[in-house]
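Work through these exercises with the structure open beside you. Try each task before you read its solution.

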Amino acid sequence: EIRKHGYVLENYGSCVSTGVSAGEAKMVVFRNWLGKIAARPKFDCSAYPTFAKWVDVFCDEGHREGARILWCAWTNFLDTNPPAQFLQQWSVNLQNLTWDQAHSRTPFDIKWNDGKIRKVLPVTAKQASFVVPTIKEHDVPAGGVHLEQDCLATLKELMEVFNTLPENMRMEPAMSKCDDVVLTRKVSLGFEEGLGKASQDCFTVKFTKDWHKDLEKELDNRLPKTQWKSKEQYKKSLVVTDINGKRVNPYGADASSLVEKQFPLHFREPNIRSDREVVMVYMARAKPESDRKFIDKTRELDKYLWACLRPKAVRSNVKSVERRTFSRQSESERVPLLKRDSRERPWSSVSSSEGENFVLQEVKRCVEGAVQRQHEKFIHKREVLAQRKPGNDALKEYARSYLQYRTVDSDWEMARFCYGEIVGEEIDKDGDPALILDNPSPALLEIISTLNRPGMGLCSLESEESTSCCGLRKTTKRIANVAGEPNLQFLFTNTSGDGATSVPANFQTEFRKKLKEGLVGNQDVSSLAMKPKMHGNDILVEVTGHGKLIEPIRDRNLGNINVLNFLGRMVDSHPCVLVKKDLLMPYAGVRGKAGGLNYVVDALQFRNGFIGTGEEGDPTQHRMLYGIFDARHQPHPDYWRHVLPKFMTPKGSNYEYTTNDQIAMVQAPQSFPALDKDEDVLDVHNGLCFNLMNVIRNRCGGVTSCGTNAVWQINAKDFSRQGENTESREYFDSRTKIEDTSSTHIQFCQGKRSVYVQQQISTGIAKLNADYLCALQRWAEGAVQLFYLQIFVDRTPRLVAFALCVLGFECGMYWTLYGSWTKGLVGYNVFCDRAGESTLAFTGFEQGNALCNNIYGMFSWFLEHKIDKVIWEMAADDYMRLIDFAFVWAVIVGCAAILCIILAYRGIMPRIVRTFIMMENISYWLTSCSIFFWLSLTLFMIVGMNPPLMFNV
């Protein structure tokens, strides 16, 4: 019934499906990609069939070149709009895999024989031979989905790319890990219905003598049924490909170049619903410290770590705090996120017109130029490799192709291209703390050299001495100042053999020509100042000038420069830069899986059109659904159909729904059907958690995330990027090894709750036992880290209060057992005492309380010897104290039960129970077998032995 209410989806700016991988094999990664896109939900609502913006993100923590090439081929295939049934069948066919099968099979196999024949690639028997030429039609299992000609051609290319890539997708040459690589592409993926049926928005034209006339006739017949007013507009909207899936132009003069072997030509109309977008995003965040060892990595601006500019440092007004300003716009006036053809826009853009108001155009130009030079170097390396190994030609073209989708669509992304390594902290001339950055990025150097930005510049250090205590003590303080113009040094060696004693007269003229040849665009270098001087038989040239010319030359690292009879090269003379500390933020401060997830959230929040700010006039909704699927896990096609209703709540009594902002996260269980449960001695299925604990915890909304198969509801009103230095905030808590549990606790403390879906709607590939033991160790260590952080660092009020209550309870128990009880304090017991003694509750009983005496007499039933009865009578005070103690705790427990009923009735009890769950999550290591890791294992390692359980993590 909920599927009829697609209007609720309009309350979300976007829905994000994120996969995370660091080193998984290509089969595992591709299986994850296929499951995510096949699970895109479709509502039975013609106005709102799905989310207005569906974002499929692959977070590549391994920064792998092969993953980018495969992503490009995968998006090429999706851009041909394959039928939804094809993707869903393919996804289901790849669900049940073991670890060994995932490393020995491919998703493009026609069939697998596991005792019985199983169809894998769901193509029809007639089309199978086009994808796999060696297969015979009678060997193809029955079934399959018919694909259009262009879709079938790109599927074949995808298979060829997949088979060419290495298993781990690591390749050289590759893009530098020092820079972020974000690829963004909008694909034309719609909702085709009907198994084995041809799409109505496609047609083909066969080769004949008059194929031009046949084409015009077909266009005339189709035009009245389309939204286009003229035939020329209709022609421009069509995507035309030949039999091999290559784009062609069948109109005008280009039509004469088409030959018969390229036919039949395939024509595809654009999707009717242009307001439903599918955006594919590849993200690899920079890791400049990945190869650095023996350096403590922190989340702060510490020495030998890396820092980059804050977004405010690249805005036109450094003091500007707000990220965006808004004016109300009608639906038709909104600027789309991406143009239909990415080739129509530059690689670097600010995705809304508002961005031009606060991002300096010069900063954009510097970043654009630095990345363009990086692309040229990379393509040159690819071309050299292709010449040595002819089989790499196709991969070179894919590398060139994916670079056109590299985008920098926000001030935050732009600022991250301006980074350097921290080598010192000094005081600048204004008396403010400043950091000295070595190995500055080309974009940062060019910005500093070109723009007179406040708070940053080339660095020079000066010592300043001062005296104190009547001149008896001298102190020296280093002051960091901005240096002069940027410069370069070149060293030229005489190759003629004759000993030159002076610089040739025309040396500078010829050298300028070489520098001009090395720059893109044949720029004017006449403004460069050159100071050549003899250095023995060599010539040392110092070149000084504007940063617009100096930094592109420095970035190209020119070598083998022939000037007259001299051979020269640029001397490594990269300068240090000085930047005020408040303009910097950690460049790679957040590591691990949580770092990758936070990077995706940051990028989407700082971009325009994915999630709004919640402020008045913002046309984008302030909510975003954020699904997380580890690379080993594949969501089923019905995943979102089970999850989405959990974020909805009835609105009134008219069978209408709205979003439930109290739901922070919806969790689905993990399942590994390829693993035999009888052999699962280590509980890899985690059945205790998913089948028992989470079912119980779900009653109070206290299910904590298990890291994957979870969907988070991010609300910009609760997690905003507006304000000073908000880019330092993180949604997923990365301070522990169990970021999933820690992040859930943060939401619980904000009054949110979670929901558990007890359905098998995702399938994983089980880890090997050795790897699973390492995961257990990580979970146990993370619990200890979380305990320390939330109790002693964050001092989370409800957990600290709970811990104090537990400590008070234990102290009370100790006092009641070994203390003086109430009779030692006020002279009376509470309820029971010996005959003739008054109590706080009952006074004036000469014979004592009858009930207490009867209970006291019951102890004599078990006494047989006279000496035991004598001791029993002598211990009457102690027995009565024990009975009185029992009555007191019975009253306390009864009052607590009544209080729980009252709190539950008022809706307060679930929050209290969630606090109990949080405390159990962070303290279970104190009362479980995992104490082995913290006592026995610690002692074992202290005495000098190697740590055990050294498995491949």
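**Exercise 1.** Find which residues of helix α10 (residues 393-403) are buried, and what they pack against.

*Solution.* Start with the terms. Buried means under 20% relative accessible area, exposed over 50%, and partly exposed in between, with a 1.4 Å probe and protein chains only. Helices (H or I, at least four residues) and strands (E, at least two) are DSSP runs, numbered from the N terminus. Now go along α10: Leu395, Lys396, Tyr398, Ala399, Ser401, Tyr402 and Leu403 are buried. Next, look for partners, where contact means heavy atoms within 4.5 Å. The buried residues of α10 pack against α2, α6 (149-164), β5 (181-187) and α9 (361-388).

This is a predicted model: local features need pLDDT of at least 70, side-chain atom pairs count only at pLDDT 80 or more, and totals for chains, interfaces and linings use all residues. Residues are numbered from 1 along each chain as its sequence is written, and side-chain values use heavy atoms, leaving out hydrogens and water.

**Exercise 2.** How do helices α12 (residues 442-450) and α14 (residues 547-556) pack?

*Solution.* Take the angle and distance. The two helices pack at about 160°, with axes 8 Å apart. Axes are lines fitted to C-alpha atoms, for helices over the stretch in contact, and angles run from 0 to 180 degrees between N-to-C directions. Angles under 35 degrees count as roughly parallel, over 145 as roughly antiparallel, 65 to 115 as roughly perpendicular and the rest as oblique. So α12 and α14 are roughly antiparallel. Then list the residues. Pro442, Leu445, Glu446, Ser449 and Thr450 of α12 meet Gly547, Lys548, Glu551, Pro552, Arg554 and Asp555 of α14.

**Exercise 3.** At what angle do helices α1 (residues 26-38) and α3 (residues 84-93) pack?

*Solution.* The angle is about 135°, and the axes lie 9 Å apart. Therefore α1 and α3 are oblique to each other.
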